[in-house]
Amino acid sequence: GHELRRVGIDIDFAPVLDVLTNPANTVIGDRSFSSDPYQVALFGRALIRGLREGGVIPCGKHFPGHGGTLMDSHEDLPLDDRGHEELARIDCYPFQQAIGEGVEMLMTAHVRYPALDPELPATISSKIITGLLRQQMHYDGVVVTDDLEMGAVVRHATVAQTVINALNAGADLMLVCHKIELTLAARDACLRALEDGTLSEQRVEEAVQRITALRHVHQSRQEL
């Protein structure tokens, strides 16, 4: 945390809170702390504290868990067809512990979980972001998407449409990491959606308030 802060970095998209339940999973692989959810939670909480104490905002990922998949979400949309009980007991556990640690940000997974939402991947699922994460797990921090230029997204929808869907599902920040023209298209799509009512001002204001609150907390820590 101190090293990152010295070079001017404010946010680290870490820790990885995915439990590596599928040994053939190459996209997570050795980024995971363990195949044991309790070890992942233990190390994840420690890293959250360390980053925060170093002056950097931590961001746990990839909710509700990317460790049980086979396909790489950079290439296409993975499927995790395990049951609700297993996902809750194993994959969600480190995220619940991170919430208990007060983690400031959580990142969504571009993964489909039919047991949680039979139709939509987590990044654009209100059942997963609002229903599970916000209401059941009582998380009120900032939710950020993984990069929307990944194959899991662009093979199935435009980045601009996914931004609207993610906002409506309850996400607060959207990552568009490579092409500035896609970032601008996403911004313009948001403005049009606000004008035609596809996206509500209340939802945008809610996201802005969370981001602003986090910025103020971070700034106050730097002044201590």
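This is a predicted model: local features need pLDDT of at least 70, side-chain atom pairs count only at pLDDT 80 or more; totals for chains, interfaces and linings use all residues.

Analyst: Helix 2 crosses helix 3 in a right-handed sense; a crossing is right-handed if the near helix is turned clockwise from the far one by less than a right angle, and left-handed if anticlockwise. Numbering starts from 1 along each chain as its sequence is written, and side-chain values use heavy atoms, without hydrogens or water. Helices (H or I, at least four residues) and strands (E, at least two) are DSSP runs numbered from the N terminus.

Two packed helices are described by the angle between their axes and the distance between the axes. For helix 2 and helix 3 the angle is about 30 degrees and the axes lie 9 Å apart. Helix 2 is therefore roughly parallel to helix 3. The axes are lines fitted to C-alpha atoms, for helices over the stretch in contact, with angles from 0 to 180 degrees between N-to-C directions. Angles under 35 degrees count as roughly parallel, over 145 as roughly antiparallel, 65 to 115 as roughly perpendicular, and the rest as oblique.

From helix 2, the residues Pro37, Tyr38, Val40, Ala41, Arg45 and Ile48 meet Ile90, Tyr93, Pro94, Gln97, Ala98 and Gly100 of helix 3. Contact here means heavy atoms within 4.5 Å. By class, nine residues of this contact are nonpolar, two are polar and one is charged. In this scheme Ala, Val, Leu, Ile, Met, Phe, Trp, Tyr, Cys and Pro are nonpolar, Asp, Glu, Lys and Arg are charged, and the others, Gly among them, are polar.

Glutamine 97 and arginine 45 are 52 residues apart in sequence, yet their C-alpha atoms are 7.2 Å apart. With a relative accessibility of 22%, glutamine 97 counts as partly exposed. The scale takes under 20% relative accessible area as buried, over 50% as exposed, and values in between as partly exposed (1.4 Å probe, protein chains only).

The largest nonpolar core has 26 residues, and helix 3 supplies five of them, the largest share. A nonpolar core is a set of buried Ala, Val, Leu, Ile, Met, Phe, Trp, Tyr and Cys residues joined through side-chain atoms within 4.5 Å. Phe63, Leu106, Tyr113, Leu133, Met137 and Tyr139 have the most contacts inside this core. Beyond four places in sequence, phenylalanine 63 touches Phe95, Met107, Thr108, Ala109, Ala122, Ile128, Leu132, Leu133 and Met137. Another core, of 13 residues, lies apart from the largest one and includes Leu148, Ile164, Leu167 and Ala186.

Phenylalanine 63 is also joined to proline 64 by a cis peptide bond, with omega near 0 degrees. Proline 64 lies in the loop between strand 2 (57–63) and helix 3. A cis bond also links alanine 14 to proline 15, with omega near 15 degrees; proline 15 is in the loop between strand 1 (11–12) and helix 2 (37–53). Most peptide bonds are trans.

The axes of helix 6 (residues 159–169) and helix 7 (residues 180–196) come within 8 Å and cross at roughly 50 degrees. These two helices are therefore oblique to each other, and helix 6 passes helix 7 in a right-handed crossing. Val159, Ala160, Val163, Ile164 and Leu167 in helix 6 meet Leu182, Ala185, Ala186, Ala189, Cys190 and Ala193 in helix 7. This contact has eleven nonpolar residues and neither polar nor charged ones.

Eight of the eleven residues of helix 6 are buried, so the helix is largely enclosed by the rest of the structure. The cover over those buried residues includes helix 4, strand 4, helix 5 (151–154), strand 5 (173–175), helix 7 and helix 8 (201–223). Just after helix 6, glycine 170 takes a positive phi of about 125 degrees.
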